[in-house]
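These notes go through one structure point by point. Please keep the sequence and the 3D view open while reading.

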Amino acid sequence: MRIILLFSHAFTAAAGGVKGGFMHSDNQASRSRAPQRVRNELRFRHITVASKTLVASEFWRITFHGSDLAGFHSPGFDDHIKVFFPQESGAELQLPQMTDEGIVWPGGARPPARDYTPLAFDGESSLTLDFYIHDGGVASGWAQQAKEGDRLIMGGPRGSLVVPTDYAFQLYVCDETGLPAFKRRQADARAQALHLFACVDEATGRDYLPDLAGVNAHWLGSGAAQVDKLIAALDNIAVPQEDYFIWLTGEGDFAKALGDYFVTRRGLDPAFVRAVAYWHAK
């Protein structure tokens, strides 16, 4: 899963100024509520499979242990770490070296890698990731065959976007690849109105998110990321003039179109609209 930020205005706002006139208001109180970007120390770590569970028939939930996880920090609900996979089953990956010239991998070749959101971390030595099962994926294929004791390498998160949990109005759009981040967010969200538009089959979504109390969930069906249809539904959602947060993920063109809709057509402040490409159609 490759994650690409499409709307970076929240990062710019956090730096103390917004380029290009994106901030609709100079209200200092509103700006202080904007998501804040933080930098984390980049470290690479060995992690070892401790357990593996099938969740909602569509995800492998794998818990990793390892002393290298000491000091791991993930303050953003949609943080992504980079997970590195061996080229051959059972091969042992060696940690890269951090040099003045950059990151140097043994043998000169970087292993295949994918981005994943940390679902849970116990603060010491246990990290949980959910792997969405799909055909042809490096990570999905590894997860299918993974067994206790298998080791990987992970790096990051290099940076995090810390988003306040208590915006009065919150709206999230995702497909299966974004469900782990939403699950993590839902656990902490304190919203008066919380909407989820998920391009996921309802049975899968409700199995993956068993407690949806307080969530206005809209199930659009797996693979049904039709922008026009979704925008027609979003037209019926009233967004307040302030104290809101919009999170948009999924396929790249889909997420960008939704970001443009909220900022250009709905006139929302891009500091509070986050559109991120989790993957790209080939």
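1. The backbone nitrogen of Asp 253 and a polar atom of the Glu 251 side chain lie 2.9 Å apart. This is a polar contact, meaning a pair of N or O atoms within 3.5 Å; within protein, one must be able to donate a hydrogen and the other to accept it, and residues adjacent in sequence count only if both atoms are side-chain atoms. The side chain of Glu 251 also reaches the backbone nitrogen of Phe 254, at 3.1 Å.

2. A word on the source: this is a predicted model, in which local features need pLDDT of at least 70 and side-chain atom pairs count only at pLDDT 80 or more, while totals for chains, interfaces and linings use all residues. Residues are numbered from 1 along each chain as its sequence is written, and side-chain values use heavy atoms, with hydrogens and water left out.

3. Glu 251 belongs to strand S16. Helices (H or I, at least four residues) and strands (E, at least two) are DSSP runs, numbered from the N terminus. Glu 251 counts as buried because its relative accessibility is 12%; buried means under 20% relative accessible area, exposed over 50%, and partly exposed in between (1.4 Å probe, protein chains only). Leaving aside residues up to four places away in sequence, Glu 251 touches Asp 175, Trp 279, His 280 and Ala 281. Contact here means heavy atoms within 4.5 Å.

4. The contact between Glu 251 and Asp 253 sits at the start of helix H7, which covers residues 252–265. H7 has 14 residues and spans 19 Å from its first C-alpha to its last, close to the 20 Å expected at 1.5 Å a residue. The expected span is 1.5 Å times one less than the number of residues in the helix. After H7 comes Gly 267, with a positive phi near 70 degrees.

5. Which residues of H7 are buried? They are Gly 252, Phe 254, Ala 255, Leu 258, Gly 259, Tyr 261, Phe 262 and Val 263. Their cover includes strands S13 (169–175), S14 (193–199), S16 (244–251) and S17 (273–279), as well as helix H6 (227–234).

6. The largest nonpolar core has 52 residues, and Leu 171, Leu 196, Ile 246 and Phe 262 have the most contacts inside it. At least two residues of this core come from each of S13, helix H4 (179–188), S14, strand S15 (215–219), H6, S16, H7 and S17. A second, separate core has 21 residues, including Ile 47, Trp 60, Phe 72 and Tyr 116. A nonpolar core is a set of buried Ala, Val, Leu, Ile, Met, Phe, Trp, Tyr and Cys residues joined through side-chain atoms within 4.5 Å. Not counting residues up to four places away in sequence, Phe 262 touches Leu 171, Leu 234, Ile 246, Leu 248, Gly 267, Leu 268 and Val 273.

7. Seven of the seven residues of S13 are buried, so S13 is largely enclosed by the rest of the structure. Phe 169, Leu 171, Val 173 and Asp 175 point one way from the strand, and Gln 170, Tyr 172 and Cys 174 point the other way. S13 and S14 run parallel and are joined by seven bridges, with Phe 169 opposite Ala 193. Two strands pair if DSSP finds at least two bridges between them.

8. Ala 277 lies in S17. Ala 277 counts as buried because its relative accessibility is 0%. Between Ala 277 and Gly 250 there are 27 residues of separation in sequence, but the C-alpha to C-alpha distance is 5.6 Å.

9. An open sheet is formed by seven strands with antiparallel pairing, in the order S8-S5-S11-S3-S4-S10-S9. S8 and S9 (120–121) stand at the edges with a single partner strand each, so one side of each has no neighbour in the sheet. S5 (residues 81–84) pairs with S8 (residues 113–116) over four bridges, where Val 83 has Arg 114 as its partner. S5 is also joined to S11 (residues 151–155) by three bridges, and Lys 82 has Gly 155 as its partner there.

10. Elsewhere in this sheet, seven bridges join S4 (residues 59–65) to S10 (residues 126–132), and Thr 63 stands opposite Thr 128. Helix H3 (residues 138–145) lies across S3 (44–55), S4, S8, S10 and S11, at about 75 degrees to S4. Axes are lines fitted to C-alpha atoms, for helices over the stretch in contact, and angles run from 0 to 180 degrees between N-to-C directions.
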